[in-house]
Amino acid sequence: MAPDAESHRAPSVGTRDAALLAGLVLAAALLHLWLTGTTLLSGDEAYYWLWSRRLQLSYYDHPAMMAWWMAGATALFGESEAAIRLPAVLSVAAVTGLAFDTARLAFRDIRAGWWAVAVLNATLLFAAAGVLVTPDSPLLVFWSLSLWAMVRLLDDGRARWLYLLGLSLGLGFCSKYTMVLIAPGIMAVFALFPQARRWLKSPHFWAAIVLALACTSPVLIWNAQHDWISIKKQLSHSFDAPVSDPLKSLATFVGTQLGVITPLIFGFMLWGMGWTLWAGWRSRQPAWFLLGATSAPLLAFFVRHSLGGVVQPHWPGPAYLGAAIATSGAWVVLAPSWRRLRWLWHGAIALGGLLVAATYVQMETARLPIPLKSDPMSRLGGWDQLASAVEAERTRHPDAFVFTTKHEVAGLLTYYLPGHPVVFLTGSAGFPRIPSYDARDAAALPGQNGLYVIKDGFYAVQDVRRSFRSLTLLATVDRAWGGKVVDHYEIWLAESYGSGTFENK
């Protein structure tokens, strides 16, 4: 049975524990920083780097927080891969500390904090978050900060935590739209537990909501200026993307989650989420209930989403923050009666740690015998060779602009080509999706030649043929990872652009 919430406070963090935690976080950050500087960017990372070069209030795909952070990092440390990924390194360090303290406070036991650190860092999803920068980097920070602020509010009842909660919710929305999915769980705690419900009558509660809404204003202003294109895209992505085989899509989603969380830890997390919901309600422990209410419904949302469209493995990531804390606390509370399962608990974390280590080795060396189709790290290889081939053709055709069909490739070519030239994107999605150029730049292209970079592009060539006087294949490039060919690219000379391909329709 749970301890009485009012009987005692959480144990303080001693000097030894604080020093050990700081040392572990610093060691992990240094490892992550080293890895980030020795591997090429992925397509998504290069695309986000494009955002950071022309800052806006928000962007077509996501809000702008990650671009703002990246711009700060590159302004201070240059535009190396390590500098671009620095926000990811720092974000995971911050999340680790917040998860530790949230678990300590919620379960009034410092052991829960240490288990939360171990569980999180034994998942491939969190390991990847420390070395690859995406909008999830700031999202995870503000999601974990929201949980921490809410638990602090429940722990000592000071109004300042309400304002921190409002700030983190608003800034989280400026990081990624997924942040809205934490709100129902938080509001459930305010509605269902008396010690939280009393705040509903406080002016501080409503002032915190105003603060949260004010922090979302950059996203709302940008969308209002662009016909709500980004919010419409996200809504369509979530609810209007049918798949031919929903059960196969669901099975794929479950399989990817087992992979990125690791099977044993995933099973423990499901148990932890369910237990904190049940035990939190039954024992009147709002902090426990909060962890389940902000993780289980989010995972259920993406299960439902997988029946109607493809769900990327990292999308449910924030659910596992609360789940890791919930599972760690549940293990500490129930440990005396679950002694026979200690081997399974320790084995789950050890297996996760080994898989994380193998992932980092593969990221650095590309030498593990992993099939290319099963190796997500293969997306990090060969982009410098492709850029070198394109640059050779730019030398031969100095007046030609560069264009491609994929926004990820546009970002990679812009980054790895000398001088970071503008790389145009075919189709009307070129702007506002690619912030490097706008309609005025596209309007200046008629009459010019272009270098068209595509992957195995028979249909891509046919799509643009009507817009150019002629197309001639100049070169083919094999993109390799670990000595194996991942895919093939073609470079075409497209002569005398007319109209159509780059118009905003």
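Q: Is Arg-469 buried or exposed?
A: This is a predicted model, so here goes with a computed value. Arg-469 has a relative accessible area of 63%. Anything over 50% counts as exposed, so Arg-469 is exposed.

Q: Which residue forms a salt bridge with Arg-469?
A: The closest N and O atoms of this pair are 3.6 Å apart, and the cut-off is 4 Å. The pair links distant parts of the chain, with Arg-469 in strand E4 and its partner in strand E5, 26 residues apart. That partner is Glu-495.

Q: How many residues apart are Arg-152 and Asp-156?
A: These two form a salt bridge, with the closest N and O atoms 3.8 Å apart. Both sit in helix H7 (residues 136-156), and about one helical turn separates them, so the spacing is 4 residues.

Q: Which kind of aromatic pair do Trp-275 and Trp-288 form: stacked, edge-to-face or tilted?
A: Their ring centres are 5.1 Å apart, with 35 degrees between the planes. Stacked needs under 30 degrees and edge-to-face over 60, so Trp-275 and Trp-288 count as tilted.

Key
Residues are numbered from 1 along each chain as its sequence is written. This is a predicted model: local features need pLDDT of at least 70, side-chain atom pairs count only at pLDDT 80 or more; totals for chains, interfaces and linings use all residues. Side-chain values use heavy atoms; hydrogens and water are left out. Rings of Phe, Tyr and Trp (its six-membered ring) pair if their centres lie within 6.5 Å; planes under 30 degrees apart count as stacked, over 60 as edge-to-face and the rest as tilted. A salt bridge is a side-chain nitrogen of Lys or Arg within 4 Å of a carboxyl oxygen of Asp or Glu. Helices (H or I, at least four residues) and strands (E, at least two) are DSSP runs, numbered from the N terminus. Buried means under 20% relative accessible area, exposed over 50%, partly exposed in between (1.4 Å probe, protein chains only).
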